[in-house]
Each structure stands twice: as C-alpha cells, then as structure tokens.
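I opened this entry to look up a strand arrangement and a helix pair. My notes follow in the order I checked them.

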Amino acid sequence: MGKFPFYPQMDSMDCGPACLRMILQHHGRYFPLPWLRSISFISREGVSLKGIGKAAERTGLRSMAVKIPFGGKSDAPCLLNAPFPLVAHWNQNHFVVVHKANEKFVWVADPAAGKHKLPKADFLRGWQSDGDRGIALLLEPTPSFYEQEAPPTDKLSFRFALNYLRPYKRLGWQLAIGLGLSSLISLLFPFLTQSIVDTGIVNQDIGFIYLILIGQLVLFATQTTVRFIQSWILLHVGTRLNVSLISDFLVKLMKLPLGYFDTKMTGDLLQRIGDHRRIESFLTQSTLGVILSVFNLIAFSIVLLYYSTTIFLIFAVASVLYFGWIAFFLKRRKEIDYRAFQEHSRTQDSLIEIIQGMPEIKLQGSQLKRRWRWAEIQAKLFRVQMSALRLGQWQEAGGSFINQSKDILITVIAATGVIKGDLTLGMMLAIQYIIGQLNGPLAQMINFIRSGQDAKISLERLGEIHAQAEEDGSDMGISKTVPRVGDLELDDVSFRYNAIEDDVLKNVSLTIPQGKVTAIVGTSGSGKTTLLKLLLGFYPTTEGAIRVAGTEINQLDQNAWREHCGVVMQDGFIFSDTIANNISESSDFPDTERLDHALRVANIEGFVRSLPLGVNTMVGARGNGVSQRQRQRLLIARAVYKNPDYLFLDEATNSLDANNEREIIDQLDEFYAGKTVVVVAHRLSTVSHADQIVVLERGEVVEIGSHQELVAAKGAYYTLVKNQLELGS
C-alpha cells in the first residue's frame, strides 16, 4: 500500500489527469498536473477515457480502452490478467487507479479519497457497468517513454511565499527585538520563584517576598505591553500580506485565457482564495510563534539542564517521541485535506447554483430535489470531517499520553531529589515552572508543522494556477499597437474546442470589410457565436489565421486589441453597481456626455430617468433587478459608450419587442458610421440592411452576399427567410 505513489486531484474535475500522474510516477517519470490536464482535453464536465488515453500517448505510454470481466481463464482477457497499474471507470462518473488485484481484494488509488484495499464485491459494485464487465484503460510504457523530456514543474516553493515578507523587514526586526525581550523576561520567572521559596520562606523574610512579587508584576506588565505591540504589528503585516497575495492571484487570473475558465468550477476558484489565508497565517502567526518557541525552547532547556541533567534527558526523549507521533499522521492528514477541499468546493458550487437558479427551481417545483442534492454533498463533507476528527483525536490522545507520562515521571524524579537533598523545594517548583514553559513551545512547534503542511498543500494548489500560460506571453513578436483601420480577414480558419471533438468551424475564409456592417446568420449550432469569439481572441484557431489590417490576431496584445472592440454577448454580465458604472465599465469614471449618448442610442434613457436615483440606481445582485429587455439595452449602451472601432453584436436585440428593436436599430445605423461591425442574429429583420451577409451551416460558409442577392439566389439564406417569415414558394 505504501509503495504505489499517490497524488490527489486538485479540482473536482481532475480525477483523470491525477490518475495518469500516479501511473507516470509509478513508471519513474514526474509530470505536473496542469500540463497533464492541458493535454487531456478536460472540460467543465470532466475528462473522457479517450482524453486520458490521448494524454497518456503524448507522454510515451501505450493505451488501450477495454471492457472486460473481473476474472476468467488464465489466458482470457480480464482485469486480473491486465497489466497493472490501470485506470478504471468508477461509478459511471469518476476514474481511479487499480494497481494490484487478486481473487479476494483490489488495491485502488482514488484521487478523490486516497488509497484503499477493497473487497472484491465492493470493487465490482463501483466498477461493473455492463453486466459482469467494466471499463478500463490499460497503460504500458513504450521505448520512447523514457526518452521524452518532462515539462517544467508547477510547484511553488516556500521562497515564493517568503518573498512577500521582504517589504516588512523593518517591522520584522521590531518583532524580533520584542520576542527577545519577552523571552528574557520569561527566563527570569523560574529563578524568582525559587528565591521566594528558598530565601523568602526559609528565612521568613516577608519584605523580600513582597519585593520579588512586585518585581514579577513589573515584569509581567512589561511582557504584556510587548505582546500588545506585537499583536498590532502582526495584524498590520498579516492584513497587507493577505491583500497582496489575493491581489496577485486575481492579477494572474485576469491574465489567463478565457478558455481556462471553461474548465473551472466557481467553487474551486473560491476555495483557492481560502488557500491564501492559510499561507498568510503560516507566514505571520505560525512563523512568529515558532521563532519565539525555538528561542524559549533553547533558553529554558539550558536552564533545565543547569538544574538537572536527568530531567532534561527525559524531556528531550519525550519531545522526540511526541514529534514522531505527530509526523506519523501527516501523510494521512494531507489526503483528508484534499478531500475536504473538493467537498467544500462542491458545496460552494451547489449553493451558488441554488441561489442563481432560484426562479427556475420555484417554477419547476424542484425545491426538494435540489435540497436533497445539497444534502448529499453535506453527507460526504461530514464523512471527510469525521475522518479529520478521528485523525485529530488519535494525534491528540497519543500526544497527551506522551506529555502526561513525561510530566508525571519528571515530578517523581524531582520529588525524589528533594527528599534525598539533591534539590531544594524552590528548585523543584522552578523545574515545574520550566517544564510548563517548555510544553507551550512544543505545542506551538507542532502547530507550526501542521500549518506548514497546510501552507505547502495550498502552494501546490496555487502552483497549478501560477504555472498556467498567460493570454499574452513574453513572446517578443507580440505587438502592443493595434491597427485602428483595416479589414478583418479569416483565412481557411478551422476550430474545435478540443482535439477529441469535431470541428465547430471548418475552413472558413471571408473578408469583413472595414467601415461596413457584416451580418452572420445560420441555424442554431452552426458556429456563429464561436466565430465571434475567435475574432475577439477568446481562443486560438485550430488551423488557419485571422488578420486585422494584415496583422495576425495572435500577434497582437489581446488586451490592446479588445480596447478597440465593443461587444454585446448573449450572456453579457451586469455588475452589482450603479447603472452609470455598469455602462462606463470600460473607463475608470463615467463621462456624462458619453453616458447620455449611450442611453439614447440604446433607447433606455426614458426608463433610467424615471428611476428616483437615475443613473446612480444600483442594479445587479445588490440592487434593483432589471428585466431581460432592460439588461440587453444596458449591454448595448455599454458597447456604445466605449465608442469602439470594431463592434461585435451577438443576438443583441433578440429580447426586445419589434418597436424597441426598430428604434434601437435606427439609432445604431447612425452609430455604425465609420465602424467595422459584425452582427450575429437569428432575426433576419435585424440584418436585412447589412452591407454583407454571411450564411453559416454546420460550421462552413455556404453563402455570402447582400440581402437582395441572397434572396434572389434562393439558397440557404432564402430558406431561413422563408421559414422565419412563412413566405410562400
């Protein structure tokens, strides 16, 4: 069980790449999870067996997908005769690694739940999907497997986190001075305690006792003041550190290509925000605490050694046993942490879905169904928390037993020393005080180990984000200057979302003339929206090239290109902000004149002016709800406010009634002057006045021309018009 390598899945959809990562490590090669994910054709729904197989072959493994029974004759194809390790399809929605099996048991490495030895019956319940057969992916290394160069690692070291402390060196020295002063004060207390007993009580000198007690009070007050100052410094550093960590994380997210977010669940990204809090806690609270603990441990150990060598050795041996006991559980604790991350992520996703989908839930009467689904996730989370509790209890029970045994043994030896005259009563009390002071640093060092493990796990999860290639890399060929005037050209463009799917667009070649209106029409699923996203640089083309005024779009800085683009997408987002800020999203502060113009063109000025707060009215999740029609007009106003050189409209008026649509189109016709416009629409009345109409069918361009030319040709466009307007033949 301990020999086969185990890697947990980072996200809820990572089971396939995580399984492949374990098998690759078993054969002696390390590949980072983000890279394996990128070649596995993973989507928001997860990864397919075909995707895992193609990824395995990229690494030099030979793959074969099979549907086989568990056992059979010695020469018959079955799981027992298959080469291990292999990937097994589990419960119809998951992948696990089977790395050993016999007639009674199966050894499974589940990236979501750890390694298990399952009875044959339990394994068959999860694996069999077609009678007595189940699906497996057989993987074996080829000669090229050991020759391939592995991609660079995605791991973030602690140096990455420690770099965030560099700006606070001055405060760090202040904390260090405070720690030293606090420790020196603590070091005086055992000697003061001994002097009260051995001098004050033995000599019956009450004045001396009062003097020592006053000294202790002064030292305690000084120590408390130092700790107050330390707490304020820690709060200041911790808050700024957390802001810096999360800010840099958001900067990285905003630099990633939009295709990355197609495969990410919202809950996974939100959980990574929590990872930053664990790193911040480790860098401030835990690190500071362990520095103080080490200082106190060394100082009080020297004093204890001065009082009694025997007692010091007992304390040292017990401490080593204590650390060993805690370290024994760290690997299991790591596995539970990954499982908890996934279940917390699923919980957040479920709650977000319930809140956002509440109108549909109420309309469909599915309240009970959705609540049960949420309860299922909570049950899994509860089981993970129970595992964590059991592990914590075992750690706590063992640690407490070692500590209590040590304290009892030290008390017996110290008391024996007093009886024999080797120690005074004051020395015994001082030793007890020292042991109490040493137990605190031990506990803090254990917490530091746990916090360090948590931070390391969090760094691993964040590493796969920071290792992602940014939308605009460091390629020297990237141009920051975008041509403001020129045609958009598509040269034999093909595109598929991943290599195991069919092409969404096939050999598309067309020119979108500068300063003209080009409409793209076609049936649902013909690739209209995908074509628009390619023009905006959301995805790179699979084949062919897209050019802006002769410059390939992948050679342009995407942010600079989009600064010249105004866009209205079908699923455009309304922020929880004022109407003015929503419309002026492209600028830092709203410009009143441009705002008024945008409201007029979008035909929403009357509605906005009728509101008590006008353009300062809050909309979105934290403000007034807006209808679908109002939402669409706000999105149009946002595009108009930007006053772009290139305008892209994806079903921009499909929610509007005929009167509103006509008024907006009339306003937009005037706004279009001098701009390159691409309009995607189902309503043919929206595009009939376009300078050029492109008809897509199953991802291919089948017709190009004006409305009159295409109707006269009686081809695909004519059929669309006929079906929509119910024209006669």
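In what order do the four strands of the open sheet stand? I read the order as E9-E8-E11-E12, with antiparallel pairing. Strands here are DSSP runs of E with at least two residues, helices are runs of H or I with at least four, and both are numbered from the N terminus. Two strands pair if DSSP finds at least two bridges between them.

The model is predicted: local features need pLDDT of at least 70, side-chain atom pairs count only at pLDDT 80 or more, and totals for chains, interfaces and linings use all residues. Residues are numbered from 1 along each chain as its sequence is written, and side-chain values use heavy atoms, without hydrogens and water.

E8 (residues 488–495) is joined to E9 by five bridges. I noted Thr511 in E9 as the bridge partner of Glu489. Helix H15 (residues 528–535) packs on the sheet and touches E8, E9 and E11 (543–548); contact means heavy atoms within 4.5 Å.

Then I turned to the helix pair. H10 (residues 309–328) and H13 (residues 367–420) pack at about 175 degrees, with axes 10 Å apart. H10 is therefore roughly antiparallel to H13 (angles over 145 degrees count as such). Axes are lines fitted to C-alpha atoms, for helices over the stretch in contact, and angles run from 0 to 180 degrees between N-to-C directions. Among the contact residues I found Trp325 of H10 and Lys406 of H13.

Note on methods:
Parallel < 35°, antiparallel > 145°, perpendicular 65-115°, else oblique.
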